[in-house]
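Here is my note on the model you sent. Please read it beside the sequence and the coordinates.

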Amino acid sequence: MAQTVNKDMLIGEIITIDPGNAAILMSHGMHCPGCPSAQGETLEEAAQVHGMDVDTLISDINGYLAKKEA
């Protein structure tokens, strides 16, 4: 079973799960994977700062992770 991501997870944790998640975040305009705040900021917090829909991010990341497991 693929690991899933939720809005309360830290950006750094999401990237640790799969480094490919950084590309998904960047494709949405969130260029913070290399930012020091990524280690202490949740996906929801980062989405708010960048004016993004956290549910869309979660859906895209979890879809990517599920495809890797298939």
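1. From the N terminus on, the elements of the protein run α-α-α-α, which comes to 4 helices and 0 strands, where helices (H or I, at least four residues) and strands (E, at least two) are DSSP runs numbered from the N terminus. This is a predicted model, in which local features need pLDDT of at least 70 and side-chain atom pairs count only at pLDDT 80 or more, while totals for chains, interfaces and linings use all residues. Residues are numbered from 1 along each chain as its sequence is written, and side-chain values use heavy atoms, with hydrogens and water left out.

2. The C-alpha trace spans about 35 × 20 × 20 Å along its principal axes. Of the 70 residues, 40% count as buried, meaning under 20% relative accessible area with a 1.4 Å probe, protein chains only.

3. Among contacts (heavy atoms within 4.5 Å) with a separation of 6 or more, 64% are between residues 24 or more positions apart.

4. Glu41 deserves a separate look. Glu41 lies in the loop between helix H2 (20-27) and helix H3 (43-50), and there it touches Met9, Leu10, Ile11, Ala46 and Val49, leaving aside residues up to four places away in sequence.

5. Which side chain of opposite charge is nearest to Glu41? It is Lys7, 15 Å away, and Glu41 is buried yet has no salt bridge, a term that requires a side-chain nitrogen of Lys or Arg within 4 Å of a carboxyl oxygen of Asp or Glu. For charge, Lys and Arg count as positive and Asp and Glu as negative, whereas His and the chain ends are not counted.

Note on methods
Buried < 20%, exposed > 50% of the residue type's maximum accessible area, 1.4 Å probe, protein only.
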